[in-house]
Amino acid sequence: MTENYNDGRRCIYTSERNFTAENVKQIVDRAMSTHNANVGDIQRLYNYYRGRMDILDRTKEVRPEINNKVVINHAAEITNFKTGFTFGEPVQYVYRGKDTLDDANNKADDESLAALNKLMYKLGKSSKDRELAQWLFICGVAQRITLYEGKELHTYVCDPRCTFTIRANDFTKRVLLSVVCSTEDLADDIINNIPKKQYAIYSDNHFWRFEDSKCVEEKNIKCNPVVEYWANPTRQGCFETVLGIIDELNNIASNRADGIEQQIQSLTWFNNVEIDEKQFAELAAKGGICTKSAPNMPASIQMLQNVLDQTQTQTYADDLYQKMLQIAAVPDRKASAGGNTGQALIIGEGWTQAEAAAKSFEQSFDESEKLFVENVLKIIKTVTTSSTVPADFAELTVDDIDIKFTRNKTDNLLTKTQGLQNQLEAGIHPRIAIENCGLYSDPQQVYVESVEYLEKWKQQGEQDKAAIMKAADSSAPDEFDEIFRKLTEKGGADDGASV
């Protein structure tokens with residue numbers, strides 16, 4: 001029923017295909033053991049993100065009274081960078097295009113897509129995306145649920161410790177069931193003081209709600225409202241591959257703090273000094289030791305110090321830190337000594353690697369986001385909300401929509417604006433040029449609001465096309481006439497010679 005990975009979250013599978021109130025709870029119960037194992041991993045990673053790391057549980061056998069536990073939260077550093085770099089600007093939906101030259105249809109789709117982006121803004125989707133991304137980068141999986149409640153569309157980010165999916169155990173690996181668990185103190189539980197466990201179970205067309213093992217609600221639904229996202233195929237968190245390095249960096253920092261404290265609190269060595277038992281106990285409590293050597297040796301009192309080599313320790317720590325950044329695909333913040341071009345700095349300091357990792361993540365995100373958009377369209381095409389009517393999205397399908405991530409809008413601003421102008425002058429459709437120049441977080445809305453100002457580029461494109469066609473039409477007869485004339489003259493000369 002389950003497939004285990006060496007690292008990352010485990011997927012849960014089932015061979016069942018027909019689900020009823022009698023067997024669905026049994027399937028969920030069999031899945032709980034794997035889900036609970038995932039919950040343990042998720043909780044540990046979540047604790048690391050919050051600063052609750054293994055270094056806090058360390059023990060020290062030598063001088064246990066000096067036991068500093070220093071936490072340098074590189075897990076939060078990596079997670080916050082990934083979240084901000086990828087989701088710093090809202091995820092937008094842009095027009096993907098159709099195989100049609102009908103401007104009326106294209107305009108209707110543009111307006112529908114602008115209405116969809118407006119609806120997402122009203123739902124606060126950008127903040128929900130950030131919450132979703134945080135779970136994704138911490139533990140590798142996250143879920144989102146979309147519900148229609150009281151003429152309003154709502155979307156919520158689920159806690160992956162309380163939510164999981166069950167997939168088909170064939171080559172499709174498609175989601176068959178989604179489960180959302182919760183614990184509530186119900187009125188009839190006060191006497192026993194045992195809260196009931198609730199399970200909301202969704203399939204593609206059915207919903208069940210259980211309290212413990214009793215089905216209390218059952219109904220048909222249009223679609224499975226829960227969409228599972230995954231950060232990578234192994235469902236690993238962004239800092240999970242460098243946990244060992246994070247632990248070692250914490251260990252180094254703690255030992256360095258111990259070294260400084262031990263130097264300040266150095267032991268005092270009393271050799272051949274007569275003290276009684278009470279004085280010895282007081283001496284030991286204050287960091288002193290007393291010994292006796294051979295007879296007739298002079299008494300001595302001195303400090304015992306062993307200074308830690310901070311230079312070598314820092315070299316080791318820096319090397320580990322650089323390896324951690326490289327493996328996690330996080331750029332180095334260290335300032336350059338100079339002598340490099342801007343592009344060389346982008347490559348050398350890891351920004352290119354970070355961009356490549358973000359694009360790879362986007363591919364995984366897009367697959368699930370399309371399911372989310374499809375669920376939203378199924379709802380808003382059949383019901384009226386406070387801001388939309390079904391007619392607003394009559395012709396819009398998920399195939400018309402492309403998911404757009406925007407990063408570094410002001411980076412190389414002059415180059416991007418020049419690229420936009422070059423595309424427009426080359427005859428590229430203004431919608432495509434705006435989407436690909438990287439200047440705007442909502443290119444679809446920019447295009448809709450700029451249509452009348454972009455007419456000159458359409459007219460210029462039509463004029464250029466007409467000029468090319470005219471030139472082709474005018475040059476073809478001249479070239480043909482010239483060839484015909486030469487052939488005619490040659491033929492006439494041959495005929496004359498034969499006569």
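How many salt bridges does the count come to in this structure? The count comes to 20 salt bridges, in a model that is predicted.

**Salt bridges**

- In helix H7, which covers residues 310-328, Lys323 and Asp319 are four residues apart, so that about one helical turn separates them, and their side chains meet in a salt bridge with an N to O distance of 2.9 Å. Lys323 counts as partly exposed, at 38% relative accessibility, and Asp319 is likewise partly exposed, with a relative accessible area of 36%.
- Salt bridges with shared partners also join Arg9, Arg10, Asp41 and Glu240 into one network.
- A salt bridge of 3.0 Å, N to O, links the side chains of Asp57 and Arg52, and Arg52 is partly exposed, its relative accessible area being 39%.
- The side chains of Arg209 and Glu211 meet in a salt bridge of 3.6 Å, N to O. Here the two partners fall into separate accessibility classes, because Arg209, at 25% relative accessibility, counts as partly exposed, whereas Glu211, at 17%, counts as buried, the limit for that class being under 20%.

**Aromatic pairs and cluster**

- Phe81 and Phe85 are both buried.
- The pair of Tyr202 and Phe207 is tilted, because the ring planes stand at 35 degrees, with the ring centres 4.9 Å apart. Tyr202 is buried at a relative accessible area of 11%, and Phe207 is buried at 6%.
- One aromatic cluster is formed by Phe87, Phe137, Tyr229, Phe361, Phe365 and Phe405.

**Charges over ring faces**

- Arg144 lies over the face of Phe372, at a distance of 4.5 Å from the ring centre.
- Lys173 lies over the face of Tyr13, in this case at 5.7 Å from the ring centre.

**The largest cavity**

- The largest cavity has a volume of about 160 Å³, and its lining consists of 16 residues, with Arg10, Asn38, Val141, Phe164 and Glu228 lying nearest the cavity centre. Arg10 is also part of the salt-bridge network with Arg9, Asp41 and Glu240.
- At least two lining residues of this cavity are supplied by each of strand E2 (11-14), helix H1 (24-50), strand E4 (141-149) and strand E6 (163-168), and E6 provides the largest share, with four residues.
- By residue class, the lining of the largest cavity divides into six nonpolar, five polar and five charged residues.

**Loop residues and backbone geometry**

- As a background to the two residues that follow, most residues other than glycine have a negative phi.
- Lys173, although it is not a glycine, has a positive phi of about 55 degrees. Lys173 lies in the loop between E6 and strand E7 (175-184), and at 33% relative accessibility it counts as partly exposed. This is the residue that lies over the face of Tyr13, while E6, on one side of its loop, contributes to the lining of the largest cavity.
- Asp212 also has a positive phi, near 60 degrees, in a residue other than glycine. The position of Asp212 is in the loop between strand E9 (206-211) and strand E10 (214-220), and its relative accessible area of 35% makes it partly exposed.
- Thr384 is found in the loop between helix H9 (351-380) and strand E15 (401-404), where it is partly exposed, with a relative accessible area of 40%. Thr384 and Glu152 are 232 residues apart in sequence, yet their C-alpha atoms are 8.3 Å apart in space.

Notes:
Residues are numbered from 1 along each chain as its sequence is written. This is a predicted model: local features need pLDDT of at least 70, side-chain atom pairs count only at pLDDT 80 or more; totals for chains, interfaces and linings use all residues. Side-chain values use heavy atoms; hydrogens and water are left out. Buried means under 20% relative accessible area, exposed over 50%, partly exposed in between (1.4 Å probe, protein chains only). Rings of Phe, Tyr and Trp (its six-membered ring) pair if their centres lie within 6.5 Å; planes under 30 degrees apart count as stacked, over 60 as edge-to-face and the rest as tilted. A charge sits over a ring if NZ of Lys or CZ of Arg is within 6 Å of the ring centre and within 35 degrees of the ring normal. On a 1 Å grid over the protein atoms alone, a cavity is a set of points where a 1.4 Å probe fits but cannot get out, and a pocket is an open set with protein on both sides within 12 Å along at least five of seven lines; lining residues have an atom within 4 Å of a point. Grid points are joined across faces, edges and corners, and a volume is the space filled by probe spheres set on the points. Ala, Val, Leu, Ile, Met, Phe, Trp, Tyr, Cys and Pro count as nonpolar, Asp, Glu, Lys and Arg as charged, and the others, Gly among them, as polar. A salt bridge is a side-chain nitrogen of Lys or Arg within 4 Å of a carboxyl oxygen of Asp or Glu.
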